[in-house]
Amino acid sequence: MNGIHDLGGCHGFGPVEVEQDEPAFHARWEASVFAMMFAAGRAGATGNADRFRHAIERIDPAAYLEDGYYGRWLGGLETLFVEAGLISRADLDGRARALGAAPSARVASRTQSPADPVTGYSASGCRRAIATPPRFTVGSAVETTLTASPGHTRLPGYARGRPGTVVAEHGAWVFPDTHAHGQGEQPAYLYTVAFDGRDLWGPESEAGTVVHLDLFEPYLLPKVPCS
Amino acid sequence: MSHDHDHDHDHDPSSPALRAEALEALLVEKGLLTPEEVDAVLTQYGERVGPLNGARVVARAWVDEAYRARLLEEGTAAAAELGIKGGPGGQMERLVVVENSPSVHNVVVCTLCSCYPWALLGLPPRWYKDPAYRSRIVREPRAVLREFGLEVSKEKAVRVWDSSAEVRYLVLPERPEGTEGFDEDALAALVAREAMIGVALVSGPAVTP
C-alpha cells in the first residue's frame with residue numbers, strides 16, 4: 001500500500017535527533033504495549049508478523065507520525081483485537097473516555113469488516129523449501145515491478161520500477177503480501193538486490209551510493225539490456 | 001474567552017499513553033494479560049538484552065580470522081557459536097554481516113517499519129525508528145552520517161542495507177588502531193551499538209600523554 005509507513009526517500013522530516021542515554025522504555029505504557037503484543041499473539045489475534053506489520057501500516061496516518069514507535073504498535077494492536085472480536089470498538093472508546101479522553105479524541109486504529117482471515121505459520125520461522133528453482137541468480141540484471149497494491153507489500157515505493165542487480169539469493173521465504181491477508185504462505189525466493197543511487201534518486205544522488213533491498217521474486221522482472 | 005489547550009501534547013486526551021491504559025485494563029479484565037507480564041517486559045528488555053551480544057561477535061571476528069570468515073559466510077550460525085540465538089521474536093533467522101573496509105562503509109535501516117537484529121543489539125534506539133532516519137538514510141546517507149559526526153571519505157563507497165524482509169543486518173566495523181594487545185573482552189568494550197548499525201566507527205583507546 002502507498003502508506004505513511006513507506007518513508008524511504010521522503011523529504012521534510014529534518015535532522016535525525018539522537019537521545020543521549022536513552023532508556024529502553026520511556027514510560028511504563030511503552031512496556032505495556034510490548035506485553036500486549038505478546039498477549040495478542042497468545043490470544044490468536046495476530047496470526048503472523050506480516051499481519052501485525054500491516055495492521056500498523058493501516059493506522060491513521062497522522063497517528064503514525066505523531067504517536068511514536070510504541071504508539072504505532074498500540075494502534076495496530078487495537079486493530080487486531082477488534083478484528084479478532086476480542087475487544088469491541090465501543091469498549092475501547094468507552095474506557096478511554098472514562099480515563100479522560102475527549103469524545104473527539106482521534107482513533108488511531110483502522111479496522112476492516114469483515115477482516116482478513118487470521119492465519120499462523122505452517123512451521124517455525126519464515127524460511128520454506130519449495131520445489132521450483134529460483135528464477136534469478138547472483139549477477140542477474142532485474143527490474144522491480146510498478147505494482148502498488150492496496151495491501152501489504154515489502155517493496156518500498158522508492159524502489160518500484162527501478163533497475164538493479166541481484167547480489168545474494170536467500171532461498172524461499174513466506175511471502176508477506178499474501179501471508180498478511182490470510183491468503184497463505186505462498187513461499188517465494190528472496191534476493192538481495194543492489195540499486196545504484198542514481199537509479200533511485202537521479203543524477204544528483206550522492207556519489208558512490210548503493211542501496212540494497214531484500215526483495216521477493218514476484219517483485220522482480222528480468223531486465224532486458226538495451227541494445 | 002476560553003483558552004484552547006487541545007494542542008498541548010502533554011495533555012492530549014487522545015495520547016497513546018491513555019489509550020494504552022484503556023487497552024491494558026480491558027485485556028486484564030478479560031484475562032488476556034496480567035500486570036506482572038508488563039513488569040517482566042520492563043525487566044527483561046529494559047535491563048537484560050543489550051548490544052553486548054553484537055559486540056562479542058565483532059570482537060571475536062577481530063581476533064579470530066577463521067571465525068570472521070564464517071561470520072561473513074553464515075552469520076546466524078556464527079552467532080550461535082557464541083550462544084546467541086534469535087528464537088521467537090528474536091529476529092535472526094538469517095543474519096547477514098556486512099564488513100567495513102578502507103573502500104566500503106555500510107549502514108543499516110528499515111524504511112518500511114523498524115526491523116533490527118534484536119538478539120544482537122537489543123531494542124533499537126528511538127532515532128532508528130523515527131521518520132527522519134528512515135526517510136533520509138537511503139537518499140542521502142553521507143549527509144545523515146555527517147550529522148552523526150561521521151564524515152565518510154569520497155574514496156569510500158556507501159552501502160545502505162534496507163531490511164525489507166526477514167534478513168537482519170549487522171555491520172562489522174574496522175578494528176581501530178592501538179588495540180593490538182587487547183583481548184576479546186577489552187575489544188568488545190570498545191564496540192558501541194551505533195558502530196554495528198553503521199552510523200559510527202569504533203574509536204581506539206584514548207591516548208594517554
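Trainee: With which side chain does the side chain of E57(A) make a polar contact?

Mentor: A polar contact pairs N or O atoms within 3.5 Å, one able to donate a hydrogen and the other to accept it, with sequence neighbours counting only through side-chain atoms on both sides. Here the partner of E57(A) is the side chain of H54(A), at 2.9 Å. This is a predicted model, in which local features need pLDDT of at least 70, side-chain atom pairs need 80 or more, and totals for chains, interfaces and linings use all residues. Residues are numbered from 1 along each chain as written, chains are lettered from A and ligands numbered from 1 in written order, and side-chain values use heavy atoms without hydrogens or water.

Trainee: Which side chain of opposite charge is nearest to E57(A)?

Mentor: R154(A), 4.6 Å away. E57(A) is buried (under 20% relative accessible area) yet has no salt bridge, a term that requires a Lys or Arg side-chain nitrogen within 4 Å of an Asp or Glu carboxyl oxygen. Beyond four places in sequence, E57(A) touches M1(A), H5(A) and H152(A) (heavy atoms within 4.5 Å).

Trainee: How many salt bridges join chain A and chain B?

Mentor: There are seven. R53(A) forms a salt bridge with E166(B), with the closest N and O atoms 3.0 Å apart. On the side of chain A that touches chain B, α1(A) gives the most, with twelve residues; helices are DSSP runs (H or I) of at least four residues.

Trainee: What area is buried between chain A and chain B?

Mentor: Interface size is often given as the accessible area lost when the parts come together. The value is about 6,800 Å² (1.4 Å probe, summed over both parts), of which carbon and sulfur atoms give 60%. In this interface, 84 residues of chain A are in contact with 72 of chain B.

Key. Buried < 20%, exposed > 50% of the residue type's maximum accessible area, 1.4 Å probe, protein only. Lys, Arg positive; Asp, Glu negative; His and termini not counted. Buried area = accessible area lost by both parts, 1.4 Å probe. Helix = DSSP H or I, 4+ residues; strand = E, 2+ residues; numbered from the N terminus.
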